[in-house]
Every structure is written in structure tokens, then in C-alpha cells.
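Subject: Structure for you to look at

Hello,

Here is the structure I said I would pass on. My notes follow below it.

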Amino acid sequence: MSHLAENILSAARTMPEGGLLSPKEFLHLGSRAAVDKTLSRLALEGQLMRVSRGAYVAPYQGRFGVRPPSTESVVQAIEARGGETVVANGAAEANALGLTTQVPTREVFFTSGPSRKLQLGNRCVELKHGNRWQLLLGKRPAGMAIRALDWLGPEAAPAAIKLLRTKLSEPEWAAVGSARAMLPSWMAKVVSEGMTHG
């Protein structure tokens with residue numbers, strides 16, 4: 001194994017699950033072409049996984065063998081590395097809040113960064129560039145509620161608001177209310193009505 005490959009694998013081993021490796025981190029060890037070729041070869045050999053263009057992760061070695069890193073760990077690494085905000089989409093949030101029993105079949109997240117697809121073994125994770133209001137309040141329950149309402153749409157949102165009133169803590173419910181100015185008109189109206197009649 002080349003010195004370059006050893007260095008790359010050694011760096012991969014020191015990272016937490018889902019830690020991202022980029023060719024730019026290894027340019028002090030060789031040319032861009034050599035680094036790219038080595039990363040591609042390590043991915044072909046199964047020692048690394050290419051998750052998207054210019055981003056690699058080490059497979060996770062657990063009690064039950066080798067598997068791709070968890071979606072959550074890769075999303076956290078993307079947030080930490082690029083300073084992006086990444087949040088679950090409305091379908092996942094609605095399920096997590098108990099507003100629907102439907103379990104999303106696709107893993108879709110909103111991001112403040114560019115839209116792209118990640119390949120984690122046989123799982124495809126989609127990162128969609130989100131509107132500012134979709135990323136509002138991040139992973140807080142209030143942010144989850146906003147994305148869930150968006151997914152449910154104008155027809156189902158009024159009933160969901162009544163349910164959210166009982167599920168969210170006072171500070172989170174207040175945060176949903178204070179976000180009204182940023183929300184699409186139909187949602188701001190539903191939230192305002194929920195605040196008035198709540």
C-alpha cells in the first residue's frame with residue numbers, strides 16, 4: 001500500500017462515525033490527481049465509501065460487521081464541516097411529532113447549502129436547498145412543527161395546530177408564534193388562528 005493510501009486510511013480511522021474526508025485535506029501528501037486516484041482506489045476496495053463528489057467516509061465497524069455510517073452521523077459531519085444547517089423534511093418531522101403515522105420511505109433533508117445526493121451503501125440521502133423559513137428554528141420542536149405544517153398543507157394544518165398546542169412546551173409554542181412573519185401566508189394565518197383560539 002502506498003504511503004499516501006496509508007495516510008488517508010490512518011486519518012479515516014481517527015475520525016468519528018460519519019466523519020468526512022475530502023481530497024483537499026491530503027494535498028500536502030501528493031498532487032490532486034494522485035490524491036483523487038488513491039481515494040477512488042480505496043473506495044473501490046471497500047476501505048472507504050464515496051458519499052458524494054469529493055466526499056468520502058470510512059465504513060463503520062460495529063459488533064455486527066461492517067456497515068455504512070448512519071445518516072445522522074454524516075449529516076452532523078456536514079453541519080460541522082461546512083457550517084450548514086441541515087434539518088429533516090416535513091414528512092419526517094410530522095411523524096416524529098406524532099401528527100402522522102406515515103413513515104417516510106425516502107431520507108430527505110433541507111439544507112442551507114447546495115442540493116445534492118449522498119450515497120450511503122444502498123441508501124440514498126437527499127439534501128435539498130431549503131427556503132429560509134424551512135430552516136427556521138433548526139432542530140428545535142418549534143422548527144420541527146413548522147416543517148410538519150408545511151408538509152401537511154393548508155387542509156390538514158388547522159387540526160395539526162390543535163394537536164401541536166398540546167404537544168409543544170410553552171416556549172416552543174411561543175417560538176412558532178413569533179416566527180409567523182417569516183412563514184408563507186397560509187401558514188401564518190393557521191398559526192395566528194391557533195394562537196388566538198389556543
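A residue is called exposed here when over 50% of its relative accessible area is open, buried when the figure is under 20%, and partly exposed in between. Please keep in mind that this is a predicted model.

Helix 1

With that cut-off, His3, Arg13 and Thr14 are exposed, and they sit on the face of helix 1 that is turned away from its buried side. The buried residues of helix 1 are Leu4, Ala5, Ile8, Leu9 and Ala12. They lie on the same side of the helix, because the arc they cover around the axis is only 130 degrees. Helix 2 (32-44) is among the elements that cover these buried residues.

The length of helix 1 also agrees with expectation: its 12 residues (3-14) should span 16 Å at 1.5 Å a residue, and the end C-alpha atoms are 17 Å apart.

Four strands make up an open sheet of mixed pairing, in the order 5-6-8-7.

- Strand 5 pairs with strand 6 in the antiparallel sense, over 3 bridges. Ala88 stands opposite Phe109 of strand 6.
- Strand 6 (residues 107-111) pairs with strand 8 (residues 123-129) in the parallel sense, over 5 bridges. Here Phe110 is opposite Lys128 in strand 8.
- Strand 8 pairs with strand 7 (residues 116-120) in the antiparallel sense, over 5 bridges. Arg116 has Leu127 in strand 8 as its bridge partner.

Strands 7 and 8 form a hairpin, with 2 residues between them. Gly121, in the turn, has a positive phi of about 65 degrees.

Helix 3 (residues 71-82) packs on the sheet and touches strand 5, strand 6, strand 7 and strand 8. The direction of helix 3 makes about 135 degrees with that of strand 7.

Two residues at the sheet

Asn89 is in the loop between strand 5 and helix 4 (90-96). Is Asn89 buried or exposed? The relative accessibility of Asn89 is 12%, so this residue counts as buried. Leaving out residues up to four places away in sequence, Asn89 touches Val108, Phe109 and Phe110. The side chain of Asn89 also reaches the backbone nitrogen of Ala92, at 3.2 Å.

Gln119 is in strand 7. This residue counts as partly exposed, because its relative accessibility is 36%. The side chain of Gln119 reaches the backbone oxygen of Gly121 at 3.1 Å, and Gly121 is the turn residue with the positive phi. Neighbours within four places in sequence aside, Gln119 is in contact with Arg50, Val51 and Cys124. Between Gln119 and Ala181 there are 62 residues in sequence and 37 Å in space, taken from C-alpha to C-alpha.

Leu137

Most residues other than glycine have a negative phi. Leu137 has a positive phi, near 65 degrees, and is not a glycine. Where is Leu137 found? Leu137 is in the loop between helix 5 (132-135) and helix 6. At 25% relative accessibility, Leu137 counts as partly exposed.

Helix 7

Helix 7 (residues 170-178) has Glu172, Trp173, Ala175, Val176 and Gly177 as buried residues. Helix 6 (141-167) and helix 8 (185-197) are among the elements that cover them. In the case of Glu172, the relative accessibility is 12%, so the residue counts as buried. With residues up to four places away in sequence not counted, Glu172 touches Arg140, Pro141 and Ala142.

Regards

Definitions and conventions. Residues are numbered from 1 along each chain as its sequence is written. This is a predicted model: local features need pLDDT of at least 70, side-chain atom pairs count only at pLDDT 80 or more; totals for chains, interfaces and linings use all residues. Side-chain values use heavy atoms; hydrogens and water are left out. The expected span of a helix is 1.5 Å times one less than its number of residues. Buried means under 20% relative accessible area, exposed over 50%, partly exposed in between (1.4 Å probe, protein chains only). The arc is that of the directions from the helix axis to the C-beta atoms. Contact means heavy atoms within 4.5 Å. Two strands pair if DSSP finds at least two bridges between them. Axes are lines fitted to C-alpha atoms, for helices over the stretch in contact, and angles run from 0 to 180 degrees between N-to-C directions. A polar contact is a pair of N or O atoms within 3.5 Å; within protein, one must be able to donate a hydrogen and the other to accept it, and residues adjacent in sequence count only if both atoms are side-chain atoms.
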